[in-house]
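Trainee: Please pick one part of this model and go through it closely, including what packs around it. Then place it beside a few other features of the chain.

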Amino acid sequence: MSDSIKPQTSGAPAPNSAPAHTPASAPTPNMAVNFAGIPMKNPLNTASGTFGQGWQFENFFDVSRLGAITIKGVADKPWPGNDGSRMADVYGGIINSVGLQNPGVECLVKDNGEYLESLTKRGCPVICQVVGHTIEEYQNALRLFEELAPWAAGYEINISCPNLGDGCAWGAKPETAAEVIKSLRPLTKRPLAVKMAPVNIAETARALEDAGADGLSLINSISGMAIDVQTRRSKIARPTGGLSGPAFHPIALRMVYEAAQATKLPINGVGGVMTGEDAAEFILAGATSVSVGLTSLADPTSPMRILEELESWVVSQGATDINSLRGAFEC
Ligand SMILES: Cc1cc2nc3c(=O)[nH]c(=O)nc-3n(C[C@H](O)[C@H](O)[C@H](O)COP(=O)(O)O)c2cc1C
């Protein structure tokens, strides 16, 4: 793990930031939000694929304190993922090509269902991520979740993995993105959020809203490369992989802002969140909730630190409710 993604504390506010108002004994602000019809006691979510199935983090903190968790993408049948070396350090993050390795819905539920159900009972909603190569595979995976996972609070439909042979084909165009959601909408009454590809944001957000999505989660990792100049080969087993980490936080922030301008759908901001300040930027740009990704792998306790820093920021703004700060960015 490169030093550049090691967690930092937020530090002092920038000199040109709005004046902080911190009353001597500020009351605890309301941090509860509603993302896509899923009530969350605070905006802290986890980015799919970076938080296991949640239980792996219970030795580090009480996972039920999170607003929600989003589990790794799961298909109707097991996927082996990509061969060979899957991760490489780059400036400000990593490049990965896991390729959505997963055990399939049945096995996932068999091995983790009891824990995930107990987590929901402890007050932390579980968002199940659904993946597929074809419309039929997406539908089969969703049907299986509907049948086997009554505890699921809702779904995140991943149409944007950069590490499959066909790349983020479904999410790359508004029409194909909408096609996936239209095909899934009749299969569930539960909230359907969509993990968007980092392209065509405004147009795709509007198409997804029309198709019946309840929320947007953005962004997935961006396709990138890392070359070992001695061997002249890729540092991972494929020529390209998905870039994650603080290097792309400003890009993710811009895209969350664009989506918030284009649609009324609630947004989950994902990308390079290392501090409460990064999370606050997403809220100001229009996000309702925020997912911590790679930072959890560098420091498994970071979601709790980021939550505390986010709450301190709300207090510093003189606000009593985080919802009043959503979209409060001014140019
Ligand atoms: C090892 C690894 C596995 C990932 N697996 C998934 C996945 O299964 N589904 C998905 O939508 N995104 C996946 N992602 C992308 C993250 O959910 C997130 O969108 C991305 O890493 C950006 O956030 P970050 O910079 O905070 O890590 C994965 C990322 C990493 C690093």
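Mentor: The buried residues of helix 7 are Gly276, Glu277, Asp278, Ala279, Ala280, Glu281, Phe282, Ile283, Leu284 and Ala285. The model is predicted, so local features are taken only at pLDDT of at least 70 and side-chain atom pairs only at pLDDT 80 or more, while totals for chains, interfaces and linings use all residues. Numbering starts from 1 along each chain as its sequence is written. Helices (H or I, at least four residues) and strands (E, at least two) are DSSP runs, numbered from the N terminus. A residue is buried if 20 or more other C-beta atoms lie within 10 Å of its own, exposed if 12 or fewer, and partly exposed in between, with C-beta atoms placed from the backbone.

Helix 7 covers residues 276–285, and because 10 of its 10 residues are buried, it is largely enclosed by the rest of the structure. Its cover includes helix 6 (249–262), strand 15 (267–270), strand 16 (289–292) and helix 9 (302–316). After helix 7 comes glycine 286, with a positive phi near 125 degrees.

Take helix 6 first. Its axis lies 8 Å from that of helix 7, and the two pack at an angle of about 20 degrees; axes are lines fitted to C-alpha atoms, for helices over the stretch in contact, and angles run from 0 to 180 degrees between N-to-C directions. That angle makes helix 6 roughly parallel to helix 7 (under 35 degrees; over 145 is roughly antiparallel, 65 to 115 roughly perpendicular, the rest oblique). On the helix 6 side, His249, Leu253, Val256, Tyr257 and Ala260 meet Asp278, Glu281, Phe282 and Ala285 of helix 7, contact being C-beta atoms, placed from the backbone, within 7 Å. By class, this contact has 6 nonpolar, 1 polar and 2 charged residues; Ala, Val, Leu, Ile, Met, Phe, Trp, Tyr, Cys and Pro count as nonpolar, Asp, Glu, Lys and Arg as charged, and the others, Gly among them, as polar.

Helix 9 contains isoleucine 306. Isoleucine 306 counts as buried because it has 26 C-beta neighbours inside 10 Å. Leaving aside neighbours within four places in sequence, isoleucine 306 is in contact with Leu44, Val273, Thr275, Gly276, Ala279 and Val292. Its C-alpha atom is separated by 8.2 Å from that of glutamate 277, 29 residues apart along the chain.

Helix 1 (residues 105–121) and helix 2 (residues 135–148) have axes that come within 9 Å and cross at roughly 30 degrees. They are therefore roughly parallel to each other. Val105, Glu106 and Val109 of helix 1 meet Ala141, Leu144, Phe145 and Leu148 of helix 2. This contact has 6 nonpolar, no polar and 1 charged residues.

Some backbone details lie elsewhere. Asparagine 200, in the loop between strand 9 (192–195) and helix 5 (201–211), has a positive phi near 45 degrees although it is not glycine. Having 16 C-beta neighbours inside 10 Å, asparagine 200 counts as partly exposed. A cis peptide bond, with omega about 15 degrees, joins leucine 218 and isoleucine 219.

Definitions and conventions. Contact = placed C-beta atoms within 7 Å.
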